[in-house]
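Biologist: I would like a close look at one part of this model, with the terms spelled out as you use them.

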Amino acid sequence: MSVHDDITSVQRSLDELNRSLGRLEHELGSGGLEMRRVRTDADHLRESVALLRDAANTTAEPRRPDLVTISDKPYDFSLWTDTDDEGLGARDRHAP
């Protein structure tokens, strides 16, 4: 099963959840805190699935990172003048 099929299946389940919530609201009323909380959670799930669908559409083809060539020749020693060795301090000074 592809990602698109999975997302479509989740969307169908959310549609059924919305229908069931509509029936519950009709029976219990929509004024209670619990019903509003469940409705808000269902709406958040719907938004999250929409974001997943958008993300799945944009990343359908995996993108390889750009490769960086690193030369095998030694670094120029002038890059290291006036630098400290990590944890040891500068070469011409002594630790306290």
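Biologist: Is Tyr 75 buried or exposed, and what is its relative accessible area?

Modeller: Tyr 75 is exposed, with a relative accessible area of 60% (exposed means over 50%, buried under 20%, partly exposed in between, with a 1.4 Å probe and protein chains only). This is a predicted model, in which local features need pLDDT of at least 70 and side-chain atom pairs pLDDT 80 or more, whereas totals for chains, interfaces and linings use all residues. Residues are numbered from 1 along each chain as its sequence is written, and side-chain values use heavy atoms, without hydrogens or water.

Tyr 75 lies in the segment after helix H2 (33-58) (a helix is a DSSP run of H or I with at least four residues, numbered from the N terminus). Together with Phe 77, Leu 79 and Trp 80, Tyr 75 forms a nonpolar surface patch with about 540 Å² of accessible area (Shrake-Rupley, 1.4 Å probe; members have over 30% relative accessible area and no salt bridge, nonpolar side chains being joined within 5 Å; a salt bridge is a Lys or Arg side-chain nitrogen within 4 Å of an Asp or Glu carboxyl oxygen).

In H2 itself, Met 35, Arg 39, Ala 42 and Val 49 are buried, and H1 is included in what covers the buried residues of H2 (contact means heavy atoms within 4.5 Å). Asn 18, placed in H1 (residues 3-28), is buried at a relative accessible area of 19%; beyond its neighbours within four places in sequence, Asn 18 is in contact with Arg 39, Ala 42 and Arg 46.

Methods:
Helices (H or I, at least four residues) and strands (E, at least two) are DSSP runs, numbered from the N terminus. Patches are made of residues with over 30% relative accessible area and no salt bridge: like charges are joined within 9 Å, nonpolar side chains (Val, Leu, Ile, Met, Phe, Trp, Tyr) within 5 Å.
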